[in-house]
Amino acid sequence: MPPFLFSEDDPFSPIRYSYSMQDMLYTHRSPFAEISVAEHSYFGRMLVLNGVVQLTERDEYLYHEMLAHVPLHAHPSPQDVLIIGGGDGGTLREVLKHGTVKKAVMAEIDEEVIETSKRFLPTLSTGFSDPRTHVVIADGAEFVARARNTYDIILVDCTDPVGPAVSLFSEHFFAEVHAALRENGIFAAQTESLHFHLDFVREVQHKLRHHFNFVDLYTVPLATYAGNWWTFSIACKAFSPRQPAMACQVSTRYYAEDVHHNAFLVPSLAKRLLG
């Protein structure tokens, strides 16, 4: 296929990103999404779902390391981890770097995203062959509702909050997450951009405060996500997540102890933005 211009069709963004692609490697419609893998001269392979770039080989580590390592380092001994979504495997790869983790469960609604990653994104999908990994093809909200006092960490690695992902940000879902976590449990989820989605970030933070004693927000710069200043909402039952409970002894490209501290919004800014 000759080079072509790809423009995102992002329903949750006021702008459109365009990329000069070298090749379209794969396109397939699953029961849940149109799945594509394209090749870019700078970003490498790019996973696209429903016309929106989900990750690129060049910068995916920024997102996956921060979603996984901030909550896992904030917990004194994370052993059982649930990932809701994350079918590309990037978050799973980072979770499994922790030697304390005995079991990592992935509840992914679309099995074909997993198979696409295994075929085209080998640097992300390494964790699927780890014996600690347990993949369940299921709706994440329904799956977590069946768990009680089961997990130390629950991570939501999902698409923008449209379509099936909407249920993962509801008041009811957060109540079920709280019940599924153990007494020192920590929850974290990607919650879009401070530039473009501030009202949504505020809404999620407000809902989480109804159920958790400690709720906070940390960020990472992501050039390929609309709005760039990307947020992760984190909620803990027993302690603040701002202080790592263990030293960073895993191999990372971005995350580190000082990154952990500095990723959180400073109190004055958090008060102004989040209320």
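A search of the whole structure, which is a predicted model, finds 1 cavity of 30 Å³ or more. Here a cavity is a set of points, on a 1 Å grid over the protein atoms alone, where a 1.4 Å probe fits but cannot get out, and lining residues have an atom within 4 Å of a point. Rolling a probe the size of a water molecule over the atoms shows where empty space is left. Volumes are the space filled by probe spheres set on the points, with grid points joined across faces, edges and corners.

Local features in this predicted model need pLDDT of at least 70 and side-chain atom pairs count only at pLDDT 80 or more, whereas totals for chains, interfaces and linings use all residues. Residues are numbered from 1 along each chain as its sequence is written, and side-chain values use heavy atoms, with hydrogens and water left out.

## Cavity and pocket

The largest cavity holds about 30 Å³ of space, and its lining consists of L55, T56, D59, E60, Y63, L222, T224 and Y225. The elements that contribute two or more residues to this lining are β5 and α1, where helices (H or I, at least four residues) and strands (E, at least two) are DSSP runs numbered from the N terminus.

The largest pocket contains about 840 Å³ of space; a pocket is an open set of grid points with protein on both sides within 12 Å along at least five of seven lines. Its lining comprises 45 residues, and L49, Q54, C158, T159 and D160 are those that lie nearest the centre of the pocket. Two or more lining residues come from each of β4 (44-49), β5 (52-56), α1 (60-74), β6 (80-85), β7 (103-108), α4 (140-144) and β10 (181-193), and β5 gives the most, with 4 residues.

By class, the lining of the largest pocket has 22 nonpolar, 13 polar and 10 charged residues, while that of the largest cavity has 4 nonpolar, 2 polar and 2 charged residues. In this scheme Ala, Val, Leu, Ile, Met, Phe, Trp, Tyr, Cys and Pro count as nonpolar, Asp, Glu, Lys and Arg as charged, and the others, Gly among them, as polar.

## The sheet of 5 strands

An open sheet is formed by 5 strands in the order β1-β2-β3-β4-β5, with antiparallel pairing; two strands pair if DSSP finds at least two bridges between them. The edge strands, β1 (4-7) and β5, each pair on one side only. Neighbouring strands of this sheet are turned by 45° against each other on average, direction ignored, where axes are lines fitted to C-alpha atoms, for helices over the stretch in contact, and angles run from 0 to 180 degrees between N-to-C directions. Helix α3 packs on the sheet, touching β2 (18-29), β3 and β4, and the direction of α3 makes about 120° with that of β2; contact means heavy atoms within 4.5 Å.

Within this sheet, β2 and β3 form a hairpin with 4 residues between them. H40 stands opposite G44 in β4, and M21 stands opposite H40 in β3.

## The sheet of 7 strands

A second open sheet has 7 strands in the order β8-β7-β6-β9-β10-β12-β11, with mixed pairing. β8 (133-137) and β11 (214-221) stand at the edges with a single partner strand each, so one side of each is left without a neighbour in the sheet. Neighbouring strands are turned by 20° against each other on average, direction ignored. Helix α5 (residues 171-180) packs on this sheet, touching β6, β9 (151-157) and β10, and the direction of α5 makes about 145° with that of β10.

β7, helix α3 (residues 111-120) and β8 make a right-handed β-α-β unit, the crossover being right-handed if, with the strands pointing away from the viewer, the path from the first strand over the helix to the second runs clockwise. Bridge partners include M106 with V135 in β8 and A189 with S233 in β12.

| Strand pair | Sense | Bridges |
|---|---|---|
| β1 and β2 | antiparallel | 4 bridges |
| β2 and β3 | antiparallel | 7 bridges |
| β3 and β4 | antiparallel | 6 bridges |
| β7 and β8 | parallel | 5 bridges |
| β10 and β12 | antiparallel | 6 bridges |
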